[in-house]
Amino acid sequence: MLLRHTPSEIKERKALTINPAKTCQPIGAMYAALGIHGCLPHSHGSQGCCAYHRSTLTRHYKEPIMAATSSFTEGASVFGGQANLLQAINNMFTVYAPEVIAIHTTCLSETIGDDINQIIRKAYDDGKVPEGKHVIHCNTPSYVGSHVTGYANMVAGMVKYFSESTGRYRDQINIIPGWVEPSDMREIKRIAKEMGVKAVLFPDTSDVLDAPQRGKHMFYPEGGVTIPDLKSTGDSKLTIALGPFGTESAAALLDSKCKVKYELLDLPIGISATDRFISGLSRAACVEVPTSITAERGRAVDIITDMQQYFYNKKVALFGDPDQLTALTEFLVDLEMKPIHIISGTPGKQFEPRIRNILKDKVPNANVRNGANADLFLLHQLIKNEPVDLLIGNTYGKYIARDEDIPFVRMGFPIMDRIGHSYFPTVGYAGVMRLLEIMLSALLDRQDRDAPEESFELVM
Amino acid sequence: MMDHDTLQDPLAIKEEILSKYPPKVARKRSKSIVVRDPENEQKIQANVRTIPGIITQRGCAYAGCKGVVLGPTRDIINITHGPIGCGFYSWLTRRNQTKPPGNEDENFMTYCFSTDMQDSNIVFGGEKKLREAIQEAYDLFKPRAISVFSTCPIGLIGDDVHAVAREMKEKLGINVFAFSCEGYKGVSQSAGHHIANNGLFKHVVGLDDTVKEGDFKINMLGEYNIGGDAFELERILELAGFTLISTFSGNSDMGRFANSHTADLNVIMCHRSINYMAEMMETKFGIPWLKVNFTGAKATAKSLRKMARYFGDKKLINRVEKLIKDEMAAVNEVLRETKPRCEGKLAMLFVGGSRAHHYQELFNELGMKTVCAGYEFGHRDDYEGREVLPDIKIDADSRNIEELFVEKDDKRYRPRKSAEEIRSLKKKGLEIGEYDGLMAEMGKQSLVVDDISHYETEKLIEFYKPHIFCAGIKEKYVVQKMGVPLKQLHSYDYGGPYAGFRGAINFYLEIDRMVNTRIWDLIIPPWEKNGAEITAEYVSL
């Protein structure tokens with residue numbers, strides 16, 4: 001057994017996290033920053049952070065992840081990182097010529113208390129920032145929140161630095177996706193276009209982290225939201241923010257800074273959440289939902305009505321990030337599955353009541369935990385006490401799935417042992433179809449594997 | 001492609017690379033980029049700070065300590081003291097394989113333990129939480145040992161991890177020890193290796209004096225069992241007749257570390273990460289060390305012969321010769337098949353503190369040429385050989401890594417060879433306690449680059465157009481986007497083993513695939529190919 005020391009008896013822990021269901025803020029900030037065109041993310045701390053984040057993102061996307069670091073040594077840790085950051089800014093603009101440098105902090109620079117605003121001002125004053133280029137930042141102390149918080153903070157940083165209200169009204173909608181894949185961002189843009197809505201999506205990692213193989217490395221790939229587009233978000237009609245944990249802070253800032261109202265929705269994962277997204281977009285832009293979208297929905301629902309027997313009453317354990325889990329739980333409930341163990345390492349008081357509200361009397365006794373000590377060790381123990389038919393989560397779930405012999409669907413971050421997540425969306429009705437397909441494959445492969453010879457089914 | 005016998009002078013490309021940098025950066029980088037001239041003694045700048053903003057391969061001291069050296073040991077609970085990230089990123093990502101003797105035996109390597117510090121712990125200190133975490137780990141798992149790894153904020157907020165460890169050791173009655181391996185220490189993961197060596201030496205080595213049965217007892221140092229390398233070497237060593245007391249630290253357990261001072265020879269694979277341990281064991285217990293290289297079939301044979309000569313036992317020597325003969329038959333068969341397809345092709349290697357040297361052996365065996373190489377975190381002695389050690393200036397970044405003061409152990413110091421015997425063996429060409437470094441391997445006008453940056457990587461690939469580039473995960477897809485296959489030499493691209501005889505066979509087959517595959521021809525669509533003509537073909541029905 002891979003996790004042979006995990007006992008089924010659950011003892012409450014206060015201090016020790018075992019097998020976390022989250023990671024730290026800076027990696028989320030780095031990921032979000034890659035969704036700006038021509039952006040070089042910069043990690044202000046010791047170089048191990050940057051190396052770890054680049055490695056983890058690379059394993060997940062199998063794509064180049066370019067980012068630089070302030071390379072703190074003991075001296076910088078004692079005297080502050082200003083000299084390192086100023087030198088880094090100069091070197092990055094000289095050698096790598098980005099349009100924008102997006103700095104995030106680390107637990108080291110946060111503990112020291114480096115004032116990034118002041119250092120950036122000094123970089124401009126000293127002439128280290130070429131004309132027309134930009135340096136932005138956000139604070140991402142690793143000892144607060146999770147990687148999702150870091151993503152949210154960098155997205156809010158984009159608003160803080162770029163969004164402008166020129167007084168010139170633009171007939172466009174801002175869409176802020178929570179932490180989703182480049183495939184999802186591409187799909188959200190496609191849906192908006194299909195609906196005839198002019199949308200600015202930020203951040204946008206499509207065509208950055210799913211860049212085509214062309215035999216040459218483009219340091220700054222073609223994708224990413226452009227700076228003019230980011231600036232224009234202050235003149236938009238409305239912001240649609242998808243997923244409160246990843247996007248609400250940015251949407252609220254855009255409202256207070258530029259008076260662009262926002263509608264906060266769930267990530268459009270599953271039928272109901274996608275329905276709300278489509279309706280929201282249609283309302284916001286005053287467009288009718290085109291028949292093509294309705295047809296997409298119909299195809300997705302058709303799979304459900306064809307195959308529901310395989311989903312009905314199946315118990316599911318899921319772990320990951322709160323915005324995904326919220327929408328996914330609702331989808332599973334729509335399928336009349338039973339999500340009984342739901343774990344997220346990301347803290348936040350609104351998570352559990354929201355999930356309970358979705359589960360209501362349908363799955364009244366589910367274990368829902370997030371924040372401190374809500375980890376995969378606990379999830380595994382819960383599964384030992386009440387087994388499930390399906391496990392959904394990131395790659396680390398496969399250790400539980402193998403030990404407990406549970407069908408496993410990979411969803412979330414990081415996925416380091418399969419491809420697909422960056423190419424095929426889980427959002428929208430197309431995403432519904434993909435989720436149905438991978439869940440069915442997992443469940444039916446298991447049925448095929450375990451069926452006695454006499455009841456091995458040809459047609460399913 | 002270049003003719004591999006006449007290397008193009010890389011001086012011009014070096015100048016071109018430097019011209020892009022701000023002057024101060026160019027001056028500094030210039031000293032880390034050396035055009036090889038074997039006729040002259042050459043210095044290289046290494047183990048110095050990475051320049052902020054210049055994209056580097058390097059990681060941190062924590063990664064070197066927790067990830068590299070202590071990570072591969074299965075029966076210890078390694079608790080990361082800090083915010084969640086560091087523990088998360090070092091969770092199972094280095095591919096150290098381990099095989100506990102039985103299904104019930106301890107293996108905590110699949111687990112990640114962290115104190116997951118929150119802002120209140122940063123403000124009010126994290127010692128209390130650490131103490132509780134150690135207690136909870138003990139209550140849950142009853143391990144024989146627990147160690148604690150400090151992340152960046154720990155040093156700043158002043159948590160005394162060593163005091164907490166001492167206190168809990170006393171309370172729990174098991175071995176508990178801590179490492180001050182904050183990420184900002186030193187200039188790369190190398191600092192963490194040193195810190196890990198010190199901690200293991202202080203807290204574990206020598207705890208168990210039981211003398212195990214067996215002849216020709218050795219420890220294997222600096223072998224981390226990536227992709228099962230240590231399994232292959234265990235197989236070879238057993239067939240050759242050596243008794244392996246302990247490996248630092250692939251497929252290892254605490255009991256073997258504790259007992260490792262009873263061995264009669266230390267053999268070093270990765271010189272950079274573990275030479276401290278060998279030196280300290282020699283000083284304290286009288287165990288000499290030999291630098292070996294089990295990467296490459298010929299290198300493996302050579303290393304086994306060195307080890308046999310050290311013991312000087314005729315039966316052992318014969319047994320080693322027979323093993324080499326048996327194993328080389330299979331090796332040569334695969335080489336006959338693969339070498340003609342690989343011969344003359346060019347490789348670039350930028351990895352580690354040993355691998356950029358060791359893997360040149362494998363490429364040599366395939367008839368391939370390493371035109372450009374360097375370490376991510378090597379020191380000058382890894383490049384120039386240990387004879388430069390007295391010349392290396394201790395700078396501020398090295399000074400803050402503890403140098404243990406080690407003396408002869410009153411009772412347990414036992415010179416395995418007399419000074420006379422050592423002299424005589426050395427005279428006969430056995431290089432005891434020596435290492436010549438990477439540069440000795442590299443021919444005239446090859447290029448040696450320490451701590452290569454991303455920018456330099458791209459420029460040098462454009463210049464050399466290598467058939468294969470070896471580095472790590474961060475470089476993997478950048479280089480492949482340029483149409484050049486990249487072999488990861490940290491994770492082996494999830495393959496291996498590559499050590500020993502069977503490892504060499506695996507590597508030949510893998511490199512043959514990588515440098516000869518046709519997949520790269522798919523990149524350019526037919527309508528973009530030079531001279532492409534749109535022709536219409538109709539299938540006649």
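Biologist: What should I know before reading any numbers?
Modeller: The model is predicted, so local features need pLDDT of at least 70 and side-chain atom pairs count only at pLDDT 80 or more, while totals for chains, interfaces and linings use all residues. Residues are numbered from 1 along each chain as its sequence is written, and chains are lettered from A and ligands numbered from 1 in the order in which they are written.

Biologist: Which domains does chain B have?
Modeller: Chain B has domain 1 (61-184) and domain 2 (217-342 + 385-427). Such bounds come from an automatic or database domain assignment.

Biologist: How many residues are in contact between those two?
Modeller: On the domain 1 side of chain B there are 16 residues, and on the domain 2 side of chain B there are 13. Two residues are in contact if their C-beta atoms, placed from the backbone, lie within 7 Å. Helix α3 (residues 61-70) of chain B gives the most to the domain 1 side, with 3 residues. Helices (H or I, at least four residues) and strands (E, at least two) are DSSP runs, numbered from the N terminus.

Biologist: What sort of residues are on that domain 1 side?
Modeller: They divide into 6 nonpolar, 4 polar and 6 charged. Ala, Val, Leu, Ile, Met, Phe, Trp, Tyr, Cys and Pro count as nonpolar, Asp, Glu, Lys and Arg as charged, and the others, Gly among them, as polar.

Biologist: And what are the domains of chain A?
Modeller: Chain A has domain 1 (25-144), domain 2 (173-289) and domain 3 (295-454). The C-alpha centres of domain 1 and domain 3 of chain A lie 35 Å apart. Their contact takes 5 residues from domain 1 of chain A and 6 residues from domain 3 of chain A.

Biologist: How many residues does each chain put into the contact between A and B?
Modeller: Chain B gives 67 residues and chain A gives 62. On the chain B side, 37 are nonpolar, 16 polar and 14 charged.

Biologist: Which strands pair across the two chains?
Modeller: Strand β1 (residues 17-18) of chain A and strand β3 (residues 113-114) of chain B run antiparallel and are joined by 2 bridges. Two strands pair if DSSP finds at least two bridges between them. Opposite I18(A) stands F113(B) in β3(B).

Biologist: What sheet is that part of?
Modeller: An open sheet of 5 strands, in the order β1(A)-β3(B)-β2(B)-β4(B)-β5(B), with mixed pairing. At its edges are β1 of chain A and β5 (175-179) of chain B, each pairing on one side only. Strand β2 (residues 77-81) of chain B pairs with β3(B) in the parallel sense, over 2 bridges. There, T80(B) has S114(B) as its bridge partner.

Biologist: Which strands does helix α6 of chain B lie across?
Modeller: Helix α6 (residues 127-141) of chain B lies across β2, β3, β4 (145-150) and β5 of chain B, at about 155 degrees to β2(B). Axes are lines fitted to C-alpha atoms, for helices over the stretch in contact, and angles run from 0 to 180 degrees between N-to-C directions.

Biologist: New topic. What is the order of the 4-strand sheet in chain B?
Modeller: The order is β7-β6-β8-β9, with parallel pairing in an open sheet. β7 (243-249) and β9 (289-291) of chain B each have a single partner strand, so one side of each is left without a neighbour in the sheet. Strand β6 (residues 217-223) of chain B pairs with β7(B) over 6 bridges, and L221(B) stands opposite F248(B) there.

Biologist: Is strand β11 of chain B enclosed or open?
Modeller: It is largely enclosed by the rest of the structure, because 6 of the 6 residues of β11 (residues 369-374) of chain B are buried. A residue is buried if 20 or more other C-beta atoms lie within 10 Å of its own, exposed if 12 or fewer, and partly exposed in between; C-beta atoms are placed from the backbone. Strand β10 (residues 346-350) of chain B pairs with β11(B) in the parallel sense over 5 bridges.
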